[in-house]
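Thanks for making the time this morning. I would like to take you through one structure, going from its domains to its sheets and then to a few local details, so please keep the view open while I talk.

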Amino acid sequence: MSNYYQKEIETASREEILKIQNEKIVKQVRHVYDNVPYYRNLMDQKGVKPEDIQSVDDIKKLPFLSKDDLREAYPYGLLGTDLKNCVRIHSTSGTTGKRVVAFYTQKDIDIWEECCARAIMAAGGTNEDVVQVAYGYGLFTGGSGLHGGAHKVGCLTLPMSSGNTDRQIQFMMDLNATILCCTPSYAAYLGESLAERGYKPEDNKLKAGIFGAEPWTEEMRRTIEKSLGIKAYDIYGLTETSGPGVSFECEEQTGMHINEDHFYAEVIDPKTGEVLPEGTKGELVFTSLDKEGFPLLRYRTKDICILTRKKCSCGRTHVKMTKPMGRSDDMMIIRGVNVFPSQIEAVLLKEGYTPNYQIIVDRKNNTDTFDIYVEFSPEQFSDKIADVQAREGALNAAMRTMLGIGPKIHLVAPKTITRSEGKAVRVVDKRKLHD
Ligand code: ADP
Ligand code: ZN
């Protein structure tokens, strides 16, 4: 039996959800047209009037917004209400370039925190839980979002923020944290750090983790689950639509339910902009149905995923998205071959390595170079050259099978690759520096 924060809406029939969405979109488009000149111009250029949008089926008539629009309109150009009605600003992490800012009214914050509360309860959270929030607090949305969600559920909230691993471990153990919220790369690091200090997975009281804000593989999930002795849940979101909690995993763990009463999702062909049918892989596009401060319509996330409406055993009816295994931006083209960092992570963990790695791409004599630095785990460590070479050769072959191209593998001593406390930097593409 699943645990819901807002059962009625989370398990509403398709018809009920559509009714809510249709009512909200008509109002929202009219509001944006009247209050956001930047978007009104885009609609005018496309020849779309607010009255052309009568239901969510008409959303496809609206123009897209991209991160470039957000950068162009920075800081106030997409504001949906008077600044005096807003109570907070957050900013993106700047993973792919200049940061953009988003504005929130109190109602926006309440809805966002409710979405996070849904995620916490879907991971089994109740008011008896101690939630350790180890996402960064501040401009980044991770800390505040899960913190607010934990309050709404009534959990005892430990606002740790990211970093200071010794203190994280001390409070996790002393205060019996039961749910951990942070990036998956930091969760893996905490697991590793606990083991180093002699703790076994069963020594902590954690039962679940809610991890997101960066791509992570199923292999990474298993590594974290084993090292912390928990069930690891995925959570997704982006500053532009509020933050974490746009979608979240339930116990079935076959994708993340999108909070459809607040966000309308489409998947499009990133080249043509054409809306793709359910079950097809493409770029995720969000329309916020009720945001006041920063009401983006048809925002292109660059995240690649698949939507599915297959019935879920948890009882929730909201559409599910697959784990985005990287942004269209993350794809590297190396010697003409498309490579995603997530494919590399999957191979490394499958071959028994730790999730501590870095990918370096460069260009020498007009040819791309492709190097992967991977740590031995302490058990694998060997200083015999023949052992190291044999392992590097085997990993190169496994990568070649997966990617169709062979990287140069460098096995390095444990603890030599920098650990991340927030979003991990997996790729250093030096080619961009020369362009
Ligand atoms: P930035 O875009 O600068 O990183 P944000 O902090 O707003 O700023 O991050 C949002 C992005 O993080 C999403 O668009 C997506 O690419 C990534 N992301 C968030 N949650 C997940 C997740 N669970 N799995 C994969 N990627 C995620
Ligand atoms: Zn479900």
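This is a predicted model: local features need pLDDT of at least 70, side-chain atom pairs count only at pLDDT 80 or more; totals for chains, interfaces and linings use all residues.

Where domain 1 and domain 2 meet, 22 residues of domain 1 are in contact with 16 residues of domain 2, contact meaning heavy atoms within 4.5 Å. Residues are numbered from 1 along each chain as its sequence is written, chains are lettered from A and ligands numbered from 1 in the order in which they are written, and side-chain values use heavy atoms, with hydrogens and water left out.

The two domains cover 7-329 for domain 1 and 333-429 for domain 2, with bounds that come from an automatic or database domain assignment. Their C-alpha centres lie 30 Å apart. The size of an interface is often given as the accessible area lost when the parts come together. Here the buried area between domain 1 and domain 2 is about 1600 Å², with carbon and sulfur atoms giving 55% of that; the term stands for the accessible area (1.4 Å probe) that two parts lose on being put together, summed over both.

How many salt bridges cross the interface of domain 1 and domain 2? The rule finds two, a salt bridge being a side-chain nitrogen of Lys or Arg within 4 Å of a carboxyl oxygen of Asp or Glu. Arg419 forms a salt bridge with Glu192, and their closest N and O atoms are 2.6 Å apart. On the side of domain 1 that touches domain 2, helix H8 (184-196) and helix H9 (218-228) each supply at least two residues, and H8 gives the largest share, six residues. Helices (H or I, at least four residues) and strands (E, at least two) are DSSP runs, numbered from the N terminus.

Let me turn to the sheets. Nine strands form an open sheet with mixed pairing, in the order S4-S3-S5-S6-S7-S8-S9-S14-S13, where two strands pair if DSSP finds at least two bridges between them. At its edges are strand S4 (156-159) and strand S13 (307-308), each of which pairs on one side only. Within this sheet, strand S8 (residues 244-249) and strand S9 (residues 256-258) run antiparallel and are joined by three bridges, and Ser247 stands opposite Ile258 in S9.

A further open sheet has three strands, in the order S10-S11-S12, and its pairing is antiparallel. Strand S10 (263-268) and strand S12 (299-305) stand at the edges with a single partner strand each, so one side of each is left without a neighbour in the sheet. Strand S11 (residues 282-288) is joined to S12 by four bridges, and Phe286 stands opposite Tyr299 in S12.

Now for some details along the chain. The structure holds 30 salt bridges, and one of them joins the side chains of Glu51 and Arg30 (3.3 Å, N to O). This pair links distant parts of the chain, 21 residues apart, with Glu51 in the loop between helix H3 (37-46) and helix H4 (67-73) and Arg30 in helix H2 (residues 14-35).

Most residues other than glycine have a negative phi, and most peptide bonds are trans. The peptide bond from Tyr74 to Pro75, however, is cis, with omega near -5°, and Pro75 sits in the loop between H4 and strand S1 (86-91). Arg335, a residue other than glycine, has a positive phi, near 45°, and belongs to the loop between strand S15 (332-334) and strand S16 (337-339).
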